[in-house]
Each structure stands twice: as C-alpha cells, then as structure tokens.
Amino acid sequence: MCPRSEPKTQGLALLACLLACLLGACAVDDAPFDRPHAALALEAATGHAIDPEATPREPRIPPGVDPSDGVDEEEAVALALWNNAEFAAVLARLDVRRAELVAAGLLRNPVFSLLFPWGPKQLEFTIGLPLEALLQRPDRVAAATADCRRSAALLIGTGLDLVRDVRLAAAARTHAARRRQLAAADADERRREADAAAGRASSGDASAFDADAARLAWRDAEREATRAACELELADAALRALVGFADDSTPLAFDDVAVPAPPAEDAEVLLAEALAARPDVRAAELALEAAGARAGLARQDWLRLSAILDANGEGSKGFEAGPGLSGELPLFHLGAEAGAVADAELQAAGHDYVATRRRAAQDVTAARLRLQQAHADWRVLHSEMLPAVVALHRDTVSAFERGDVPLASALAAERQRLSLEWREADAAYSVQRSMAELERSVGRRITEREP
C-alpha cells in the first residue's frame, strides 16, 4: 500500500503548499487609505472633521455647532463637510478604490479539468494555477495602491474645494447684506431729502423741479433697496445649498464675515508648503507612481505561465500524480506594443506632475498678490477716504436743511458717500475672496479675521 499511496501523498502535499503560498500572497493592507485616514488629513488642513457615517439622510448638526445663536463662517464650513451631498458622494467613491486595491491582490481561480472514465479510458484530472498572476502581483498591487492613495488625495482636494466654496459663498452673502444695508440707508436718506425739498417748494424756498428731482431720486433708491434685498435672499439660498440645507426647513441665520488680515508668512514659505502638501500635487505624484507600476506590468504582458498538477486514477502503480508547467511560447508577441503605450503614459504622467507643481506655484503667487492689492485698496477706502466723505456728506446735508446750499449739492454729496461706501464694500468682498483662494492654493487655513 505504501508504494501506491506515496505519489498521491506527494502530489497533494505539493498542491496544498502551493495553495497556501498563493492565498497568503493575496492579503493587501488597505487600512492607510480608508475614510478615517482621509478624515484626519482633511481635519489637519481645515480644522474641521467630516461625518464618520456620511450616508444619505436628513442634514445633521455636527458637534460644536449651534445654529440658534447664528452660523458664523467656521460653523458653515463644518456644516458643509457633514452635509454636502456632492462631497459625500466623493467620499463614498474612496471605498470603491479600496475594493479595487483588495481585488488587485487577488489571484485568478485555478482551472480544474476532469476527464471521466469511458471504456478502457481511466479517470484523469488536472489543476492549473496561473503563475504569471503571482509574478505580476507586486506591480499590480503597487499600481492599485498608488491609485487608492491618489483617490484619497483627490478626496482631500475636493474637501478643500468645498471649504473654499463655502467661504466664497459666505463672503458673497456678507457682501449682499452690506449692499442691502447701504441701499436701505440710502432710500431712507433720499426720502428725508425728498420730504425736505417738498416742504421748501411749498414755502417758496425751492422750485417744484427740485422737489420732483428729489422724489425721483427717492423712488430710484427704493427700487435699488428692493433689488438688494432679493440679492441677499439669493445669497442665503446659495449658502444653504452648500451646507446641505437647501431642502430642509431648519432656520440658519448666517453671520457676516470679517475682513481677513494679510498672511504673516512670506511668499517662499507659502509656496514651499503648497508644493509639499497640496493634494493635487500629491495626486499627480501618485499618478506617476501608478504609471510606473503599470509600465512594469505591460512589459510582462506576453507572460502566460501556469503550474499544473496532473493525476490519473489507474496508472502502472495505481493512482498517479505529478507537477508540470504550461505556458505560451513568445514567438509572435513580446508585449512591445503594450510596453510602448505604458511608456507613453508614464511620460505623460511625468509631464502632468511637473505641470501640476508649476500650476500650484502660479496659484499661490497670483492669489497672494491679489490679496495684497485688495487689502491695500480696502485699507485706503476704509480708513482714509470713507471717514472723510461721510463727514463731508453730513455737513452738506446739515447746510441744505438750513438753506445754506442748494439741493443739488446735497444730492451730489449723497451720491459721493454712497458710491464710496459701495466701493468699500466691494473692496472688502475682494479681500475675502482673495483670502479664500489663497488658502485653497496653499491647502490650509492661513490667518485670522480682522474686526
């Protein structure tokens, strides 16, 4: 019995050993690229956490946010990271990449062939295991790992885009609220001037033409105030949509955004930080890494090799089994075409990486210059010109009410004051937008807000 069972025992032992090696090679550690990893990286960049569940549902209020006392800019960012549906969809796609990473580490199932006994034909079977899958597995896993890391980096970039968009929307809402305030104040001022002009016309101290002109100016200011109120409602609706409450009735009273101070860091520090930490730069680097791994796979495209265990039921000594190899002969195809394509993609990925770094540098430089110019303009308007014009307007209106100056002078002073206040509001909005763009260019929160 021993001579008859020894080949069977050896064959089965060889098969078991090979299966154990292949199954052990299938394990892939994808933990560093899951949602908690991306959440930690995004929280480090923005200071805000994302919803650990991130499932389709009604909007939720994250910890530390209390809408009852108003929603400031930072609370709006926190709400968006928890409730924005587009961001949640991108977050869910990270799980797809993680599944692809696990699949990249798996091997193809063995091929089992069974020949049934018929007449003098004995029972035979073969088991084939694809060895090329095992040989190519390191490059395949390396490419999938780089893709998974790239997806995590792009997810962080999407989160930073959302934070930037929320800050821009909050700034737009603040700008709309300021314009509505200015328009309402102007309408009230024009109404008082119209009443004063009508009173002076009735007493003979002014012409009916002056009274009509003042009344028309008042009506035009009321029209502008109505339009400004509508713009504010639109800005509120846009911000509610970004933070995930477009179809929810929860009351959200957004606070105004203060004007940011310029960054304390110089241009070189901000540029170095952006090149080291920006998600799109990291994603381009990982795309280059994945392209290199796929180029290695493409050069092995011709390889088709399988390990075989062949057995038959009734050999010369009974049950017989033995190992073997099966493969394609590389006579007509050596993978040159696939290798050329992969090399071209690798070269393109290298150019994309260089272009992304240069674009990041340009973004930081341009955003910083725009912020400096916008802040300088706002400081001049806010601290120097506006106080002087407001004082001039106040004196002119007082003189008009005493009858010392004509209505035309009072209206001209009013137009000058209103024009400068609107310019100051526009300049403040430009500073807020420039800061949001600079923070997105660098990839983190930069500075505090001025009162």
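Glutamate 424 is buried yet takes part in no salt bridge, the nearest side chain of opposite charge being that of arginine 178, at 4.3 Å. In this predicted model, the residue is found in helix H10, which spans residues 407-442. A polar contact of 3.0 Å joins the side chain of glutamate 424 to that of tryptophan 378. When neighbours within four places in sequence are left aside, the contacts of glutamate 424 are with Arg178, Trp378, Leu381, His382 and Leu386.

Elsewhere, charged side chains do pair, and a search of the whole structure finds 25 salt bridges. One of these is formed by the side chains of arginine 167 and glutamate 73, with an N to O distance of 3.2 Å. Because arginine 167 lies in helix H5 and glutamate 73 in helix H3, the pair ties together parts of the chain that are 94 residues apart in sequence. Both partners are assigned to the interior: arginine 167 counts as buried at 3% relative accessibility, and glutamate 73 counts as buried at 8%. The two residues also belong to a network of salt bridges in which Glu73, Glu74, Arg167, Glu439 and Arg445 are linked.

Glutamate 273 forms a salt bridge with arginine 444, the closest N and O atoms being 2.3 Å apart. This pair links distant parts of the chain, with glutamate 273 in helix H7 (residues 267-277) and arginine 444 in the segment after H10, 171 residues apart. Glutamate 273 has a relative accessibility of 25% and so counts as partly exposed. Glutamate 224 forms a salt bridge with arginine 223, for which the closest N and O atoms are 3.9 Å apart; here glutamate 224 is buried, with a relative accessible area of 15%, whereas arginine 223, at 47% relative accessibility, counts as partly exposed.

The largest nonpolar core holds 31 residues, of which Leu42, Ile50, Leu81, Phe87, Val166, Leu239 and Val243 touch the most other members. Helices H2 (35-46), H3 (73-83), H4 (85-104) and H5 (131-202) each supply at least two residues of this core, and H5 gives the most, with nine residues. The surroundings of isoleucine 50 illustrate the packing: apart from neighbours within four places in sequence, isoleucine 50 is in contact with Ala39, Leu42, Leu81, Trp82, Phe87 and Leu91. A second, separate core of 19 residues includes Ala367, Leu371, Trp378 and Ala428. Trp378, a member of this second core, is the residue whose side chain makes the polar contact with glutamate 424.

The average pLDDT is 79, and 78% of the residues score at least 70. Confidence is lowest in helix H1 (residues 2-24), at a mean of 47, and highest in H3, at 90. The pLDDT is below 50 over residues 1-5, a stretch that has three contacts in the model beyond near neighbours in sequence. Over residues 18-31 the pLDDT likewise stays under 50, and for this stretch the model has 22 contacts beyond four places in sequence.

Methods: Residues are numbered from 1 along each chain as its sequence is written. This is a predicted model: local features need pLDDT of at least 70, side-chain atom pairs count only at pLDDT 80 or more; totals for chains, interfaces and linings use all residues. Side-chain values use heavy atoms; hydrogens and water are left out. A nonpolar core is a set of buried Ala, Val, Leu, Ile, Met, Phe, Trp, Tyr and Cys residues joined through side-chain atoms within 4.5 Å. Buried means under 20% relative accessible area, exposed over 50%, partly exposed in between (1.4 Å probe, protein chains only). Helices (H or I, at least four residues) and strands (E, at least two) are DSSP runs, numbered from the N terminus. Contact means heavy atoms within 4.5 Å. Lys and Arg count as positive and Asp and Glu as negative; His and the chain ends are not counted. A salt bridge is a side-chain nitrogen of Lys or Arg within 4 Å of a carboxyl oxygen of Asp or Glu. A polar contact is a pair of N or O atoms within 3.5 Å; within protein, one must be able to donate a hydrogen and the other to accept it, and residues adjacent in sequence count only if both atoms are side-chain atoms. pLDDT is the predictor's confidence in each residue, from 0 to 100.
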